[in-house]
Amino acid sequence: MEQASLCDLNEPLIDHAEGQFFLSEAFKIIMEEVLSNGTDVKQKVCEWKEPEELALLLDLGVRETGEPRDKLLQRVRDVAKYSIKTSHPHFFNQQYGGVDYHSLAGRFLTEALNTNLFTYEVAPVFVLMENEVLRALRQLVGWTEGDGIFCPGGSTSNMYAMNLARYQCFPEVKSKGVWALPRLSIFTSPESHYSVKKGAAFLGIGLDNVIFVKVDDRGRLIPEDLDEKIELSKSQGAVPFLVSCISGTTVQGVFDPLDHIADICDKHKLWMHVDACWGGSVLFSKKHRHLMKGVDRANSVAWNPHKMLVAGLQCSALLLKDTTNLLKQCHSANATYLFQQDKFYDVNLDIGDKSVQCSRKVDCLKLWLMWKAVGSVGLEERVDKAFIHARYLVEQMKKREGFQLLSMVAPVIKERMMKQGTMMVGYQPLGNKVNFFRATVFSPLLSQKDMDFFLDEIERLGKDL
Amino acid sequence: ITDNILLNGPTLNVLASENFIHQSMSIIVENAIKKATDVREKVCEWRSPEQLKELLDLELRDGGESESEILQRFTDAIRYSVKTTHPRFFNQLYAGMEPYSMVASFIIEALKPSLYTYEVAPVFTLVEEAVLKKMMELIGWKDGGDGIFNAGIINGLSAAPRLVMFTSQECHYSISKAAALLGIGTKNVYAIPSDERGKMIPSALEEQILSAKSEGAVPFMVNATAGTTVLGAFDPIDVIADICEKHNLWLHVDACWGGAALLSSKHKHLLKGIHRADSVAWNPHKMLMACLQCSAFMVRDKTSLLQRCHSARASYLFQQDKFYDVSYDTGDKSVQCSRKPDAFKIWLMWKALGSRELEQRVDRALAMAGYLAEEIKKREGFRLLMEVAPVIKERMMKKGSMMVGYQPHGEKANFFRMIIISPQVSRQDMDFVLDEINNLGKDL
């Protein structure tokens, strides 16, 4: 065994004072650039640069030696400057956006404490907290009992639900694999999020076995067609096992008729999963929760507070009605270096084996702190307000002439808005519809002026087209 | 006003909110950073679950709370959390406090970007590309490859005839979880025995491959581990690569823990042959102390395999008529949709410290472990029995003096597993660990 190294083992190698000073200076920059300027409607949403130009500006290559503090602080500034200000009132591009300062504080704290919540011993506060938050979310779904977990995104939640449904039907799949099973089939609407497809591929079920059910002219799944397609699949020798329906589709924000779908799932004994990643937050609103009527009849619900509730990425919950420990049975591997059974506390608190992940971030603190700060009533207000903004926008659009977007126009307007940095809205085609803009409006920072601005700006940018 | 809701102004008072952030930041710096890394403070403030539930008052209610109440909750959450940045936290494969990475994390939290397209995350798209490029250089892939930072989920392949994969009995349990999730089945993961140092035995691998074939199964992959979870062993990658080449199997190297050794000219020999791997997993959030999560997955492939395997081409995200080069939209390589820009956490600290400093840290961690091993040999009585470890663990946690994990292993009884990562740790801490175990277990 060679002699302990050249470096002096007696002294710590880190200069904490320097590190902490850098932290406080960097924090000032973050506050100024991202939180002040980044939410200021007079500032740009984005500072557009072409990829090659940006790569040069950022000087990305890592080197042998480090850099002095001033240079690093400039780097912090540059990163902030050229990143999109997702908290800006004119960022309408994605289903996350806006800012909540309590969840932000929760996120900073999560990073500072830097831990995983696989066991009670390393994360006592957060194991208990996650449990409580999941319980509260389940209560809004209408379940007094159940199970659940926070996942690294809605795609993973949807995938877990698929895996659980399959495991419940065929527990031998865990040990024997898909070769021990008949051909399985999944049912979903073409409006569903693409993670259903990715999940089917990833899990070995196969894209071909994802069957798309017809939707009505509003984009909602047609239950009669679901029934038919299930019968058809059975007659073809496959085993239907899951219906994945949506509360709040990605592009149109549509809500599937859950009660009817539940009837059909009950009839055929299929697992009903509700992808409420986007729409789940309506459950906070007395006014709008009817959109999810019947959700308590589902087996699983995916819900992302990082979307409409502005909790900050990632914050995605998978909620289960099950009380038989299915989640743990399906996923567990019983690793003895983590989940020793002879610990000095109740080892049921070591929730790590419920997940497919090993290391798993603490995603509940940001939601919990915000919820404590504003209460369920505060969150309800936000959801209600978001709906009203959207309705106002629609009314205004109807009043304005010329608001009918053609295929070639949207990309050009998008390019102009990004290069000018005045706002960000996504566009996409849908089915046989041409490109159209999709505005997502829910940030607590928004006001009516921002809705007016949105319409004015599109007009302005596209005047000559 | 519509529906009794005032639409003219934002719901949020930005000025008051900024003040709240400043205050919460002060609390973080004082308690979660300064005190947490202070060796004179406790590693953990143990409370039983029932006590803790009461103390934290977790219940969520209809009404909100005042700012000072929220700040108190904030402080409590820190107080009762384990200080994983403490110099005497040796419990897991992550530890220590890396301020540059933490700043990167704060930036990410403030900006809240998702990394699927260039348009929403221009900076982070380019940063991820640059970091992966450097990591692949260190692996030794001269022509480069492809890769992605993902939230610790293994990437999979599609099903065909009964597929079988091979891994060491010492491998991480995520292999088993992945096999179950992907529909391969845990029974089709063949565990290859390891030698007394914990390294996979290549001849046993060869045997099992032939055996699987004779059963009519189709071997498709071997997982070699560079730095096993419990023993820190490195599988003989070069020899395993020979076998994989011979049988045309995909070689994956799980270097989540041991990948950091690639930065050390002294120790990189432990991963000799890694350039022959088809894919490598490497977690900078472990030995390099980047903030969680920070896990890279890299493939030695230039045919867009990652994209072809995972893509769904969602038209609301990956429009082909964008005004910039859409090959920068990396989102479809991932199984995730929203994805955090984790590469940034290692990039900023790498810029700050340079490869040489990272190398020094890796060398130091290994030297520290070497010192500890020598000291243990010198001390009498350092042989732990089954019942003793849990009791000593309980005592150290209730005292809050340090945290070291224990586990059984094969037919071995419980033993402590010391993980040494942080450059803040010094020789005195090693002596302390041995003294403390001694003290806590004196009466046993």
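Trainee: Which residues do ring pairs link into a cluster with Y120(A)?
Mentor: This is a predicted model, in which local features need pLDDT of at least 70, side-chain atom pairs count only at pLDDT 80 or more, and totals for chains, interfaces and linings use all residues. Residues are numbered from 1 along each chain as written, chains are lettered from A in the order written, and side-chain values use heavy atoms, without hydrogens or water. Rings of Phe, Tyr and Trp (its six-membered ring) pair if their centres lie within 6.5 Å; planes under 30 degrees apart are stacked, over 60 edge-to-face, the rest tilted. Ring pairs link Y120(A) with F344(A), Y345(A) and W46(B).

Trainee: Why is the pair of F284(A) and W303(A) edge-to-face?
Mentor: Their ring centres are 5.8 Å apart. The pair is edge-to-face because the planes stand at 70°.

Trainee: Is W303(A) buried or exposed?
Mentor: Buried means under 20% relative accessible area, exposed over 50%, partly exposed in between (1.4 Å probe, protein chains only). W303(A) has a relative accessible area of 0%, so W303(A) is buried.

Trainee: What is the angle between the planes of Y406(B) and F416(B)?
Mentor: Both Y406(B) and F416(B) are buried. Their rings form an edge-to-face pair, 6.4 Å centre to centre. The angle between the planes is 85°.
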